[in-house]
Amino acid sequence: MSPLIRTCVLVAGIVIFYIAYLLLGALVFSYIEGPVEETLRTDLTSLKQQFLNQSCINASQLDVFLERVLKANKYGVSVLRNGSGHSNWDLASSLFFANTLVTTVGYGHTTPLSDVGKAFSIIYALLGVPFTMMVLAACVHRLMHVLTYGPLKVLQDHAGLQPRLASTVHFGLLLILVVLSFFAVPALVFSTIEGNWSFLDGFYFCFISLCTIGLGDFVPAEQPRQEYRALYKIAVMVYLFVGLMVMFLVLRTFHRLADVHGLTAFFHLPSYDDLAEDREPIVEKAEKEDTRETTKPLDPSSQVSYNSFGR
Amino acid sequence: MQFVSRLPSILLLGVVYVAFVLAGGAVFWRLEGGLVEQNLVRLREEKSRLLQRLSCLDIQSLEEVGQLIRSASKYGLSLKSNSTSDGFWKFTSSSIFAATVVTTIGYGNISPGTMYGQIFCVFFALVGIPLNVVVLNKVGKYMLSIERKFCHFIEQKTNRKKCVRVFIHSLSFATLAVLYFVAPVMIFQQYEGWSYAEAVYYCFITLSTIGFGDYVADNDPDRYYPEWYAFIMGAWIFFGLAWLALLINHCIDLLEGFNGYLKEKREGTASMSQGSQPDETQAPEKSIK
């Protein structure tokens, strides 16, 4: 099989697997969440019926009211309980919003209402998202020396481990450290500060935010009677940014690990060397030589100059 | 050590970044703050008006109704009298949800409410996101290589390197822009009833993977959507993201080329040969093989 056809088949295979993965996820979500939704729906319908039976408003009036409240709710405006309503757009919250915009997390708990706001969001994000990626990449690049290359050198020179084993050990340690300090501990903190979040909710929030998915079902600092709200929001912002940086770091370390174990070559993915601007310490070179030989299929799809942007 | 010597530049970058985010926050504050006040005031007036008009309703039951709709909207259920919506977790919308998790768009208009749903979501994303990145990159690279092959083919025929390259690049950019931006905007305008500005805003927020969720296609429980709608939307998101990855890679390509060009100028005419643009000259060779 010529290299070109082989990469073709490989790409097709990966895409098919990807689609299958999505379908699987859909099935599982549907299976888990569907019944709960059904129950809620029947409850709500009977509640509504009950309500209509004992009040003087008719169904259409109720519908109008419902629509209005829903619309407002979508924009984070609530009239319930005299809406003590902190504004969603005071300085700290706007800052928080700008941050979620440029990191592409995008919770959506507050969104621009005005047309001008929307237009500005687009322009701001057009500039801000690449800028953020650049800043993150630059920081991670420096951090790699301290957190990856340094320890690896120590492991190999002083502990005398083989490169492969050293990489695996290092990655395992890094992973444990990151999960503890950026997931477990913040989850604890969040579940304490936010009254109705469980530990799992906090963990779930940390994960969804640090992957930049940002569903927005849990957003900190939104409780009606939150003390030091502005400070809290800024602290969360810093946490998100640093956490994002660390996730990038973990990802790059994992990439390097996969490279050292020959996995990237196996799947015809760009090797770590081709993406890293800095070469690693000389000790690695011997290991690198034989992995590099296997990553040079002679087809255009192996061009490496345009694949590197971090995500 | 290298790490220490590069510290000043990264400090500068950090300062600029913080200033950028602060500036953005301030602008949003000015733009949006006023509007919320107005909305709140108006809503409160309406609420009191409703309470006055409907004598049988007290504030307690009104708040109950409010909570009711909050819960309903979280699950995408419409309480309008005669609608027969399927809610959010039917299969097609679950797939769309899975796709938004894996592409990190994460609208949030629906999200798992059960504990098991949340746990599964975490593990699903752990595997899905890297998978997504790999697939998008592969597809993007493939699109680029097709473009390069085509470019080379035309070059051979007409023998004018630079013009052809620019032409092909702009042609592909234009076609794909129409496919992934212009056409979707028109479709959304028609099927979602959004204005032109709203549709553009939605397309941008989705393709940049920010994904607020204030506008989500295929989501209105009171609207009718044709069968192919969800599928087209999924395909659009996927290929649109791949196209964006391609675009970004193009820009990096250009930047690198530009950087190389600047280097040449600085070093004089010394190495004007193949050293400067390795990927440009190697591509045609490799595609011959």
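**Close-up views of a predicted model**

**View 1. Helix H6 of chain A packs with helix H5 of chain B**. In this predicted model, H6 (residues 199-210) of chain A and H5 (residues 115-158) of chain B have axes 10 Å apart and pack at an angle of about 30°. Angles under 35 degrees count as roughly parallel, and H6(A) and H5(B) are therefore roughly parallel to each other. The crossing of H6(A) past H5(B) is left-handed.

**View 2. The residues where H6(A) meets H5(B)**. From H6(A) come Leu200(A), Asp201(A), Tyr204(A), Phe207(A) and Ile208(A). Their partners in H5(B) are Met115(B), Gln118(B), Ile119(B), Cys121(B), Val122(B), Ala125(B) and Leu126(B). Sorted by class, this contact of H6(A) with H5(B) holds 10 nonpolar residues, 1 polar and 1 charged.

**View 3. Two annotated transmembrane spans of chain A**. An unreviewed UniProt entry lists residues 7-32, 122-144, 165-190, 202-219 and 231-251 of chain A under "transmembrane region". Take a look at residues 122-144 of chain A: the span is 100% helix and 0% strand, with its end C-alpha atoms 32 Å apart. Now turn to residues 202-219 of chain A, where the chain is 50% helix and 0% strand and the end C-alpha atoms lie 10 Å apart.

**View 4. The annotated potassium channel domain of chain A**. According to the unreviewed UniProt entry, the annotation "domain: Potassium channel" covers residues 83-143 and 179-256 of chain A. Over residues 179-256 of chain A, you will find 71% helix and 0% strand, and the end C-alpha atoms are 19 Å apart.

Conventions:
Residues are numbered from 1 along each chain as its sequence is written. Chains are lettered from A and ligands numbered from 1 in the order in which they are written. This is a predicted model: local features need pLDDT of at least 70, side-chain atom pairs count only at pLDDT 80 or more; totals for chains, interfaces and linings use all residues. Side-chain values use heavy atoms; hydrogens and water are left out. UniProt positions are given in the numbering used here, feature names are shortened, and annotations may be inferred rather than shown by experiment. Helices (H or I, at least four residues) and strands (E, at least two) are DSSP runs, numbered from the N terminus. Axes are lines fitted to C-alpha atoms, for helices over the stretch in contact, and angles run from 0 to 180 degrees between N-to-C directions. Angles under 35 degrees count as roughly parallel, over 145 as roughly antiparallel, 65 to 115 as roughly perpendicular and the rest as oblique. A crossing is left-handed if the near helix is turned anticlockwise from the far one by less than a right angle, and right-handed if clockwise. Contact means heavy atoms within 4.5 Å. Ala, Val, Leu, Ile, Met, Phe, Trp, Tyr, Cys and Pro count as nonpolar, Asp, Glu, Lys and Arg as charged, and the others, Gly among them, as polar.
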